[in-house]
Amino acid sequence: MKRVRISQQEIVFAVFAALFLSFSVFLQGFLSADNMLTLLQNVAVLGILGLGMAIVVIGRGIDLSLIAALAVPGGLVLQMVQNGHSLPASLLSAGLLAIAIGLVNGWLIAYAEVPPLFATLATGLFVAGLGQAALFQLDVVQWSDGMAGFERLGQGSILGIPTSIVMFAIACVVVFVLLRKTRWGAYIYAIGDNPFAARVTGIPSRPIIVLQYVLAALIGCFAGLVMAASVNSMPTRIFNSTLIYDVILVVVLGGIGLSGGRGGVVNVIIGTLLIGTMLNGMTILNIPYAGQNLIKGLVLLIAVITDTFLNPRNEETAQQGDI
Amino acid sequence: MACIHKFALGSIAALALSAGAVPALAQQGLDEPFQKTFREALAGKTVAYVPVAMNFDLTEGWYAGLKKELEPFGVKFVIRDPNWNTNAGAQAVTSLISEKPAVMVIHNPDVQTYAKLLQRAENEGIYVIQINMGSAYRSSAFVGANWIEIGERQTEGVVKACQGKSNKIAIIQGALSAAASAYTLKGVENVLAKHPEIKVVSSQAADWDAAKAKAITQTVLKQNPDLCGIVGFWDGMDIGTAAAIKEAGLTGKVFLATSGGGERKGACELVKNGSFDLNMSYDVPTQAAQMAGTIKWLLSSGAKPGSVKGSEYTTLIPITKENADSQMACWNLSDLKK
């Protein structure tokens, strides 16, 4: 007898489809084109961050410094422009800072062999602290006249589609090409699947691990710029929020296992859509904050429990490296 | 002859004496009997400051204002920054109690967490001054905004702007457990009770987060493009609310009322460019001056900590297009720090 195997990705997609359908039927105004765009727009930054996290998780790592990489370089651009520097110089500095964050993370993990969880936790704290202590005058860095025009990265629309969604789409395409069409991408999957085997077969594991974290930090920085442009300021204390859990949620819920080597851009999109649909539906229903958390938790639990029932773990299926 | 001479000499001497005597008396001066004890009461005393976090206009403004008023009198001013972490804040207060500063200036993250600790501090002989967001415990002094009044006046502004329009409004709350958010909401409800024609289509918490405020507002505006007003609970967060209104092309059509500390970049500039229609400012420099005054008075009074309890509610400054240009409506953090 053939056993039915449904992957977590499919379960989450089914939950998303069920929610989407019931909202469409019962919630007036949910299924309008306008609202669909708003739904996507609200989770675009989360989705972009999910892509950065996905690269690292596929390579069997995790990056807790992603939110610092979003807040600090993004805030640096706004602060430098406010202090009278030119926009290109500020953007360049932010890019270099993001690369530096990635390099430090990568070096710590690949060469000093510090577990990713601790390495990125520490660098994240360090970078956020650096921003507060040395770079920013205030936690919320205000938009200034020198940034004129740059807000189009996160506001307005291109061919009727809000810009932040376009940015998410561009990021999806870039990451997809990188993961599926380049040799580097194949290496990342190989390292995630079995780091020891990858090293034995001659894959330059350590430089590739460094590359993963540099890419994640750059994507984080890009997400930060889209976010700053979208809200006309950079609320840098977002580092203290629960955003990093949402990002991990998007990735894991979408079906990219924390044990590495599996999943891709489609999983991030599915995870993002589920979160987006829940948030949008609950906002329209005007469900209070506490109720929203309750429902979010419940839906996630259902997805995880269903997965455990359909794909029970045993010694064969369990992989080393699970969190 | 000699006699006359003597008399003349005497008169001249007397004149000279009297002429000299008046300034001599003035130079000697009168000793003001209270300033010495005042100076002694302040010199060497420690004032500890525990905000919810530094690095934003309110807490930086209070800090600069207190420093300016207290340090010239030899007061040692220390700061413990919990950086938005309530646990770290509670720990900071606990360790301060054992360090025994003369005064603690506390900015409460919510009404409960510090309440017991603040009571303990006063029992240990430390004056406790609470700023802007009070706790359930009433200490020596509360200096801050009257949130209920803020909620009422913001809502009155929105209700007025809604006259003859759809009467649909939205409320963007802060963090539910914070005194500022809960009391403002009460103020909003007070006014709405008098205006049954107003329909609240959405009332959600954005957790003081501009990005969340923007996401909520976007969704609400898509559902209700005819919305006539929004009551926002903090200008730092409502930058996001304003960005959503602007993106929907509804600037000037959706009346946005908010509140904040009145820093120029965060308040007046944003009212001028149309992001906010009304910003109720609680004027941070004045609050800092009131706190400093209270601290000076308490220290010099010798009153036992906990034996007096009072409140100083801030006089609110409504910032609108009319006064956003004036020098008095807003303040600059950079100037206050000088």
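In which helix of chain A does A:Gln79 lie? A:Gln79 sits in helix α3, residues 66-82; helices here are DSSP runs of H or I with at least four residues, strands are runs of E with at least two, and both are numbered from the N terminus. This is a predicted model, so local features need pLDDT of at least 70 and side-chain atom pairs count only at pLDDT 80 or more, while totals for chains, interfaces and linings use all residues. Residues are numbered from 1 along each chain as its sequence is written, chains are lettered from A and ligands numbered from 1 in the order in which they are written, and side-chain values use heavy atoms, leaving out hydrogens and water.

With a relative accessible area of 3%, A:Gln79 is buried (under 20%; exposed means over 50%, partly exposed in between, with a 1.4 Å probe and protein chains only). Setting aside neighbours within four places in sequence, A:Gln79 is in contact (heavy atoms within 4.5 Å) with A:Leu135, A:Phe136, A:Gln137 and A:Val141.

On to the cores. A nonpolar core is a set of buried Ala, Val, Leu, Ile, Met, Phe, Trp, Tyr and Cys residues joined through side-chain atoms within 4.5 Å. The largest has 90 residues, and B:Val103, B:Val105 and B:Ile295 touch the most other members. Helix α11 of chain B (residues 284-301) gives the most to this core, namely seven residues. Beyond four places in sequence, the contacts of B:Val103 include B:Tyr127, B:Ile295 and B:Leu299. A second, separate core of 84 residues has A:Leu51 and A:Ala198 among its members.

Aromatic rings come next. Over all chains there are 13 aromatic pairs, counted for Phe, Tyr and Trp (its six-membered ring) if the centres lie within 6.5 Å; planes under 30 degrees apart are stacked, over 60 edge-to-face, and the rest tilted. B:Tyr63 and B:Phe77 have ring centres 5.3 Å apart and planes at 25 degrees, so they are stacked. Because B:Tyr63 lies in helix α3 (residues 57-70) of chain B and B:Phe77 in strand β2 (residues 76-79) of chain B, the pair ties together parts 14 residues apart in sequence. B:Trp208 and B:Trp234, with centres 6.1 Å apart and planes at 90 degrees, are edge-to-face. This pair links distant parts of the chain, 26 residues apart, and both residues are buried.

As for chain B overall, the secondary structure comes to 12 helices and 12 strands, and buried residues make up 53% of its 338 residues.
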